[in-house]
Amino acid sequence: MGAEDNLQVLLQDPGLSADLKHIAQKVLNHERITFDEGVLLFEKGELGYLGVLANYIREERHGDKTYFNRNFHIEPTNLCVYDCKFCSYSRLLKQKEEGWEYTMDEMFDMVTKYDNEPVTEVHIVGGVLPQYDVPFYVELFKRIKAHRPELHVKALTPVEYHYIFKKAKIDYATGMKMMLDAGLESIPGGGAEIFHPEIREQISKDKCTADQWLAIHEEWHKLGARSNATMLYGHIEEYKHRIDHMERLRQLQDRTGGFQTFIPLKFRNKDNQMSDVPESTVVEDLRNYAVARIYLDNFDHIKAYWAMISRTTAQLSLNFGVDDIDGTLDDTTKIYSMAGAEEQNPGMSTKQLVELIKQVGRYPIERDTLYNVVTDYNDYQFADEPKPQYYKLPVIN
Ligand code: SF4
C-alpha cells in the first residue's frame, strides 16, 4: 500500500478519536494545522498514527528520495564566552587546557586537505571568542572562496553573528551583507535551541534571544539567501514550547521563504550541566520528527543528523517525515560525540550512506547545499559490488 492508502485506511479506523481524525483529514486536504492541534498531536498521537501522516507528506513532496551531501566541518574553537547549560562541547576559559583555538592558517589548511576530494560544502561553526570577529571571518570566507570557488561556505549561527556585529557596532543588515560579499552562501540552523523565554532563560540565557535569532535569519533571507533552522528538544521543555518554536519558524517562513530545512536536535546529557535530565526515547525522537513534518507545512525538508541519533534511528526516521540524513562528515565534528552520541568518530563513505538509505527501500540522492542533484544513486553500482536485494520497511499503523 502507498502512503495515501495508509492515510485513507487510518481515516476509516473506527477507533480513532474525532480530533485526531479531523487532523488527518486536514493533512489529506493540505490544510494547515493550528497551534492547539500541534500540541494535541504530541499529547495524543501515537507513533503509528503520526508516522502515517508524516510519511504521506514526505512521499507527496519527495517520493522515496532521501538526500545527503559530501561535506566536512571546521570548528574554529570549543571555547566560548557563553555558558549554555546543555552544552557538552564548550570548554569555558577556565578549562582552557581541554580547548582548541584554530588560527586562520590552520583552518585554511583544513580546507586545502580536501582539494582532491569531491566535497561540495564546508560547514563552519563553533564556540564564541572575541578574536573571531567580523574582519577574521570576512578574511576566512574570502580565502576559502578564492582558493576553491565551487565549495559552498555554510557558516556561523546567529549566536556568533549577533556577538560579532555587536562588537563591530554594525546592524544585522549591514553585517549580513558584508558576509555575503565575503563569500558566505548559507547559514546553518544552530543556536535556535528553544525559543520560548520560559525555557531559553533557563538553558541559554546569555546568548542571542529568539527575536534576535529570527531577525538575523530574516535579514539573510532578504538578501535572497537560504538558511536552515534547528530545535533542541527532549530536555526540560513541554510540548507547547516545541510547537511555539515551530510556530515562530513557520511565521518567518511565510514572510521570507528562506528556510530550506528543519533539523530537530536531540538533547544529549553527557558532560554538561543538565546531565541529570534523562534523554528522550527513540520513539519520542520519531514522534518529534513526524510532528515537525506535519506542522511545518512551508518547509521543504526535514533532516536527521545520523551522527547525533545513530545510523539505525536515522534509517527509521525516513518513515517519519525525514528526507535528509546530512553528510559524510569525515570525522570532522566533535559536537555530537562530546555530547554522548553513539558515533564517537562520525564519518561515512558515500557508499555507506547510500547503502544505509537503500537498506530501508529509499532512493539515495547526493545533493549540494541548495538541494541541486549532484548524483542520483538509485541505480548506481559501486565498483566490484554484486547488486544487493532490499525491501521497504512497512509503516507501523
Ligand atoms: S551552545 Fe554554543 S553558544 Fe552555548 S556555550 Fe556551547 S558553544 Fe557556546
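**Note on a two-domain predicted model**

1. The C-alpha centres of domain 1 and domain 2 lie 29 Å apart. Domain 1 covers 3–62 and domain 2 covers 65–376 of the protein chain; the bounds come from an automatic or database domain assignment. This is a predicted model, in which local features need pLDDT of at least 70, side-chain atom pairs count only at pLDDT 80 or more, and totals for chains, interfaces and linings use all residues. Residues are numbered from 1 along each chain as its sequence is written.

2. The contact between the domains takes 19 residues from domain 1 and 22 residues from domain 2 (two residues are in contact if their C-beta atoms, placed from the backbone, lie within 7 Å). On the side of domain 1 that touches domain 2, the elements giving two or more residues are α3 (35–44) and α4 (47–62). Helices (H or I, at least four residues) and strands (E, at least two) are DSSP runs, numbered from the N terminus. The largest share of that side, 10 residues, comes from α4.

3. By class, the side of domain 1 that touches domain 2 has 11 nonpolar, 4 polar and 4 charged residues. Here Ala, Val, Leu, Ile, Met, Phe, Trp, Tyr, Cys and Pro count as nonpolar, Asp, Glu, Lys and Arg as charged, and the others, Gly among them, as polar.

4. An open sheet of 4 strands has the order β9-β1-β10-β11, with mixed pairing (two strands pair if DSSP finds at least two bridges between them). The edge strands, each pairing on one side only, are β9 (324–327) and β11 (373–376). From one strand to the next the twist averages 30°; axes are lines fitted to C-alpha atoms, for helices over the stretch in contact, and angles run from 0 to 180 degrees between N-to-C directions.

5. Strands β1 (residues 65–69) and β10 (residues 363–367) run parallel and are joined by 4 bridges. In this pair, Thr66 stands opposite Pro364 in β10. Helix α16 (residues 350–358) packs on the sheet and touches β1 and β10, its direction making about 145° with that of β10.

6. β10 and β11 pair in the antiparallel sense over 3 bridges, and Glu366 stands opposite Thr375 in β11. The two strands form a hairpin with 5 residues between them, and Tyr371 in the turn has a positive phi of about 70°.

7. Around the ligand stand Cys80, Tyr82, Asp83, Cys84, Cys87, Tyr89, Ser90, Gly127, Val128, Val159, Ser204 and Lys207 (a residue is near a molecule or strand if its C-beta atom, placed from the backbone, lies within 6 Å of it). This shell divides into 7 nonpolar, 3 polar and 2 charged residues.
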